[in-house]
Amino acid sequence: MTYLLLNAPFLTIVGVVAVAAVLARRSPRWKAVGLAAILMLTLTAVFDNVIIGTGIVAYDDILMSGVRIGIAPIEDFAYTVAALVLLPSVWELLRRSPSQHDGEP
């Protein structure tokens with residue numbers, strides 16, 4: 001099983017939750033998600049390259065797509081992207097609507 005196939009079920013779930021949030025009109029603030037993505041993907045690129053370069057983590061070349069950012073395989077960024085989309089989507093879906101706390105102090 002390749003790393004892309006390993007990521008596919010997780011990314012599919014993330015996509016379903018994100019679409020559910022959009023359809024429920026409880027979509028995250030995508031501009032904020034985008035700004036967080038710039039920071040988190042930069043940090044992922046830096047630290048993944050460090051841990052791979054120092055030999056702490058190794059990947060089987062046969063199981064990778066071949067696309068890399070530095071020496072880090074692109075598949076390694078899937079978990080960061082998943083977290084950046086999934087967490088705000090779930091947060092918005094679980095957030096209480098303004099009508100639910102009318103009358104509360």
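1. The expected span of a helix is 1.5 Å times one less than its number of residues. In this predicted model, helix α2 covers residues 30–53. With its 24 residues, α2 reaches 33 Å from the first C-alpha to the last, which is close to the 34 Å expected at 1.5 Å a residue.

2. The packing of α2 against helix α3 may be considered next. Two packed helices are described by the angle between their axes and the distance between the axes. For α2 and α3 (residues 78–94), the angle is about 150° and the axes are 9 Å apart. Angles over 145 degrees count as roughly antiparallel, and α2 and α3 are therefore roughly antiparallel to each other. The crossing of α2 past α3 is right-handed.

3. The residues at this contact can be listed for each helix. From α2 come W30, V33, A36, A37, M40, L41 and T44, and from α3 come T80, V81, L84, V85, P88 and S89. Sorted by class, the contact of α2 with α3 contains 10 nonpolar residues, three polar residues and no charged ones.

4. Which residues of α2 are buried? They are V33, A37, T44, A45, D48 and I52. The cover over these buried residues includes α3 together with the strands β1 (68–69) and β2 (72–73).

5. Leaving aside neighbours within four places in sequence, T44 is in contact with N49, D76, F77 and T80. One of these, T80, is also listed among the α3 residues that make the contact with α2.

6. The angle between α1 and α3 is about 30°, and their axes are 9 Å apart. Since angles under 35 degrees count as roughly parallel, α1 and α3 are therefore described as roughly parallel to each other. Here α1 passes α3 in a left-handed crossing. On the α1 side the contact is made by L6, N7, L11, V14, V17, A18, A20 and A21, and on the α3 side by A78, Y79, A82, V85, L86, S89, V90 and L93. By class, this contact of α1 with α3 has 14 nonpolar, two polar and no charged residues.

7. Two loop residues complete the picture. Is R25 buried or exposed? R25 is exposed, with a relative accessible area of 76%.

8. M64 lies in the loop between α2 and β1. At 12% relative accessibility, M64 counts as buried. Not counting residues up to four places away in sequence, M64 touches Y3, Y59, P73 and E75. The C-alpha atoms of M64 and A20 are separated by 31 Å, and these two residues are 44 apart along the chain.

Terms used
Residues are numbered from 1 along each chain as its sequence is written. This is a predicted model: local features need pLDDT of at least 70, side-chain atom pairs count only at pLDDT 80 or more; totals for chains, interfaces and linings use all residues. Side-chain values use heavy atoms; hydrogens and water are left out. Axes are lines fitted to C-alpha atoms, for helices over the stretch in contact, and angles run from 0 to 180 degrees between N-to-C directions. Helices (H or I, at least four residues) and strands (E, at least two) are DSSP runs, numbered from the N terminus. Angles under 35 degrees count as roughly parallel, over 145 as roughly antiparallel, 65 to 115 as roughly perpendicular and the rest as oblique. A crossing is left-handed if the near helix is turned anticlockwise from the far one by less than a right angle, and right-handed if clockwise. Contact means heavy atoms within 4.5 Å. Ala, Val, Leu, Ile, Met, Phe, Trp, Tyr, Cys and Pro count as nonpolar, Asp, Glu, Lys and Arg as charged, and the others, Gly among them, as polar. Buried means under 20% relative accessible area, exposed over 50%, partly exposed in between (1.4 Å probe, protein chains only).
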